[in-house]
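Me: I'd like to learn how to read a few features of a protein model. Could you walk me through them?

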Amino acid sequence: MSSKTWADRVELKPGSSPWERGFNHSFGGNTSLTLSDPDVAAVAGLNDSYPGQRAIVVDYDNVVVYAGIIWEAEYDRDSLKLDLTHEDIWSLWDARLISEIRDENIVNWEKTYSGLEYDTIVKRIIQLAVSGPGRSVPMVYEDDYSGGRSRTYNGYNMDTALSAMEEIMDLSDGPDIDFRPEWDGAGGIRFTLRTGDLSLNTIEVNFSAPETPARGLWIKTSARDVATQMFAVGEGSGKKTAKSPGMLVRESQSSNIADYPALERVEQFKNIKRGPELYDQAASALVATNGAVRQAGFELKLDSPILGNLWELRPGTIVRWYIRDDPYFTTGWREWRVLKYSGDIDSDFVKIEFQPKGG
């Protein structure tokens, strides 16, 4: 499929095509093609898989589960194997400046959004990212939401859509963001922007049931990114003195300082010029890192009644799960949320990764 028009569909039969999809940042996959296979050779010419120009779409029973732009291709002449590496739409936002001026006058561009919720500011960011020649992406948007949020963007900062969204997502009250790929009814792909609380439905799993369809439960706990004190560095608009280089800095200290050794982190926020806003960023960054992260996963068959219709599986889906008499897990029910899910076209299982709501 064309990565410029998200149309011009060509059906492939790869040997394997593992993929991942989640929210708030980019996920990807790999597709392996054997060009000596007549079915592949008939539709997989050079122009049908050229990096940057084409995209891979994976669907099950006409439900799109993944769509990603091909960024790399590696061909082995002896085996006639072509391996394609691709990433989802988030990788495109990292290559789209949000300025409406894209020449040397970009430094003079400025745009202010006010009286809105963060969700709608994110919508405006994407609308900037897809406006202009060669920049169109078929999108479905939510309604606008009024509120007390505001943002000003300056061309001289060269903000990408990704960096602008990350600054908002990283706030403690910032929204989660998902771009749901789906068929548009005319053979092409479109993306639905979802923001805020992405929880829409629930999957219930009893891992202690004698005939549970779920398998391979695992859990990982990491304190690698824990911080007990966060320093946020702004645009550099602090007052310059003989003893100070003029950097704008704010810090926030965790109440968990008694539970961990001192763990100090620094985050950069190049767009923040005001002290109160910079403190909000420091406090939000600390909230996201003031404790160890727990993440779990398991597998379900694609036709499992627990899973239901694949259309209902999306990042943010709630997993209500139960376990008992385990040496590591405490007995009881929990409600966690899906961070990402993944699969392969040659597998009957989908892998689901989830963590406690709130991180």
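Reply: Gladly; we will go through aromatic pairs, charges over rings, a sheet and a surface patch. Keep in mind that this is a predicted model.

Me: How many aromatic pairs does the structure hold?

Reply: There are 13 aromatic pairs. One of them is F298 with F354, an edge-to-face pair with 5.4 Å centre to centre and 85 degrees between the planes. The label follows because planes over 60 degrees apart count as edge-to-face.

Me: Which parts of the chain does the pair of F298 and F354 tie together?

Reply: F298 lies in strand β16 (residues 293-301) and F354 in strand β19 (residues 349-356), so the pair ties together parts that are 56 residues apart in sequence. Both residues, F298 and F354, are buried.

Me: What kind of aromatic pair do Y322 and W333 form?

Reply: A tilted one, with 5.1 Å centre to centre and 40 degrees between the planes. Here Y322 belongs to strand β17 (residues 318-323) and W333 to strand β18 (residues 332-343), so this pair ties together parts that are eleven residues apart in sequence.

Me: Are Y322 and W333 buried or partly exposed?

Reply: Buried means under 20% relative accessible area, and exposed means over 50%. Y322 has 16% relative accessibility, so Y322 counts as buried. W333, at 40%, counts as partly exposed.

Me: Which residue lies over the face of W333?

Reply: That is R320, at 4.2 Å from the ring centre. Likewise, the charged end of R334 sits over the ring of W321, 4.8 Å from its centre. W321 also belongs to an aromatic cluster, together with F207, F298, Y328, F329, W336 and F354.

Me: Last one: which residues form a nonpolar patch on the surface?

Reply: V107, Y156 and M158 do, with about 260 Å² of accessible area together. M158 is found in the loop between β8 (149-154) and α4 (161-169). Its relative accessible area is 39%, so M158 is partly exposed.

Methods:
Residues are numbered from 1 along each chain as its sequence is written. This is a predicted model: local features need pLDDT of at least 70, side-chain atom pairs count only at pLDDT 80 or more; totals for chains, interfaces and linings use all residues. Side-chain values use heavy atoms; hydrogens and water are left out. Patches are made of residues with over 30% relative accessible area and no salt bridge: like charges are joined within 9 Å, nonpolar side chains (Val, Leu, Ile, Met, Phe, Trp, Tyr) within 5 Å. Accessible areas come from the Shrake-Rupley method with a 1.4 Å probe; for residues, only the protein chains shown count as cover. A salt bridge is a side-chain nitrogen of Lys or Arg within 4 Å of a carboxyl oxygen of Asp or Glu. Helices (H or I, at least four residues) and strands (E, at least two) are DSSP runs, numbered from the N terminus. Buried means under 20% relative accessible area, exposed over 50%, partly exposed in between (1.4 Å probe, protein chains only). Rings of Phe, Tyr and Trp (its six-membered ring) pair if their centres lie within 6.5 Å; planes under 30 degrees apart count as stacked, over 60 as edge-to-face and the rest as tilted. A charge sits over a ring if NZ of Lys or CZ of Arg is within 6 Å of the ring centre and within 35 degrees of the ring normal.
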